[in-house]
Amino acid sequence: MKKITLFSVALLALAACQDRDKYDATGIFEANTVTVSAETGGKLVTFGIEEGDSLMAGQTVGLVDTTLLSLQRQQFWSQQRSAEKSSPDIAAQAAALRSQIAHQQNECARIARLQSDGAATPKQSDDARAQLNTLRGQLEGLLSTLDKNRSSITESALALQYQKEQVEEQIRKSRITAPTTGTVLEKYAEQGEYATPGRPLFKMANLDGIYLRSYFTASQLAHIHIGQAVTVIADFGGDERYEYPGRITWIAQESEFTPKSIQTQDSRANLVYAVKVAVKNDGRLKLGQYGEVRIGQMEEASLHSDEE
């Protein structure tokens, strides 16, 4: 009786081991990474982040020296103020001519009355009207010149305003911020170094939601589709293996040769299709870690998720 019991236990253990080793695809855990680069050139005045730091989207993590940019902004501001003050006062400069025109109009009216009484000649009347027309022409020319001068000064002031805004934008870009919420994976520069536009400063990724880049053979494609629930097994080495519920989010349109680090159930398969399986990270999963996929959402994964 005892021999039969031991034999049964051995069979159950063997079956459990075989079920545990069952998988449909393997792959490596990855995440969508973001490399943050400098947008302006200058000395890194502050840059205190370290690898492993958690950042929030929009959080300021460093600053490129803005001393020269601030001086340029002040210069453009002063030039703009000077240009605006040099704009001509059209009403004031035309006031004298308007006064002369009004006086000449009264003079023309007086001579017209004298002429009607026979006290003035037609030549006097013609001369007065000619003088009035000359003054009106002078006023029209002055207004045209002043208007052109004002337009030119306004355009110059507007150009200075645009230059000042460009400098302000450069100052804004001198502030290094995190583009998304995530964890700093790598740091490429230190405080005090010189940053140039386009130079990578650090790389980060959101490790809460990662994915397993797994590889399926062509014969397996008929059994998977985007949105399908699957079970992901993370291998921590030894007997440490944990199951996670996953969901297929992407399937490659073209096949590729099987990567050397990837195993498939069909050893004859040379071409495979990359598949991304999204997994909710509980803090244990690490990028570059080995994982396996079982097609279909297993009850064990659901139970494991509830326990977590």
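Which residues of α2 are buried? The views below come from a predicted model, and the first of them takes up this point.

**View 1. Helix α2 and its buried face.**
The buried residues of α2 are L69, F76, Q80 and A83. Looking down the axis of α2, these residues fall within an arc of 65°, so they line one face of the helix. An α-helix has 3.6 residues a turn, so residues three or four places apart point the same way. L71 and K85 are exposed and lie on the other side of α2. The helix runs over residues 67-85, and its 19 residues should span 27 Å at 1.5 Å a residue; the end C-alpha atoms of α2 are 28 Å apart, which agrees.

**View 2. The largest pocket and its lining.**
The space in the largest pocket comes to about 160 Å³. Its lining consists of V36, S37, A38, E39, T40, V64, R172, K173, S174, R175, I176 and T177. The element that gives the most is β6, with 3 residues. Sorted by class, the lining has 4 nonpolar, 4 polar and 4 charged residues. Rolling a probe the size of a water molecule over the atoms shows where empty space is left.

**View 3. The open sheet that includes β6.**
Strands in the order β6-β5-β3-β8 make up an open sheet of 4 strands, with antiparallel pairing. At its edges are β6 and β8 (194-195), each of which pairs on one side only. Strand β5 (residues 60-64) pairs with β6 over 3 bridges in the antiparallel sense. Within this pairing, T60 has T177 of β6 as its bridge partner. T177 is also among the residues that line the largest pocket.

**View 4. The open sheet that includes β2.**
A further view shows an open sheet of 4 strands, ordered β2-β9-β7-β4 and paired in the antiparallel sense. Here β2 and β4 (54-55) are the edge strands, and each pairs on one side only. Between β2 and strand β9 (residues 200-205) there are 5 bridges, again antiparallel. In β9, A205 stands opposite T33.

**View 5. Strand β15 and two of its pairings.**
Strand β15 (residues 290-295) pairs with strand β1 (residues 25-30) in the antiparallel sense, over 4 bridges. T26 stands opposite E292 of β15. Strand β11 (residues 229-235) pairs with β15 as well, in the antiparallel sense and over 5 bridges. For this pairing, A234 stands opposite G291 of β15.

A274 lies in strand β14 (residues 271-280). Its relative accessibility is 0%, so A274 counts as buried; the cut-off for a buried residue is under 20% relative accessible area. L212 is 62 residues from A274 along the chain, and the C-alpha atoms of the two are separated by 9.9 Å.

Technical notes
Residues are numbered from 1 along each chain as its sequence is written. This is a predicted model: local features need pLDDT of at least 70, side-chain atom pairs count only at pLDDT 80 or more; totals for chains, interfaces and linings use all residues. Side-chain values use heavy atoms; hydrogens and water are left out. On a 1 Å grid over the protein atoms alone, a cavity is a set of points where a 1.4 Å probe fits but cannot get out, and a pocket is an open set with protein on both sides within 12 Å along at least five of seven lines; lining residues have an atom within 4 Å of a point. Grid points are joined across faces, edges and corners, and a volume is the space filled by probe spheres set on the points. Ala, Val, Leu, Ile, Met, Phe, Trp, Tyr, Cys and Pro count as nonpolar, Asp, Glu, Lys and Arg as charged, and the others, Gly among them, as polar. Two strands pair if DSSP finds at least two bridges between them. The expected span of a helix is 1.5 Å times one less than its number of residues. Buried means under 20% relative accessible area, exposed over 50%, partly exposed in between (1.4 Å probe, protein chains only). The arc is that of the directions from the helix axis to the C-beta atoms.
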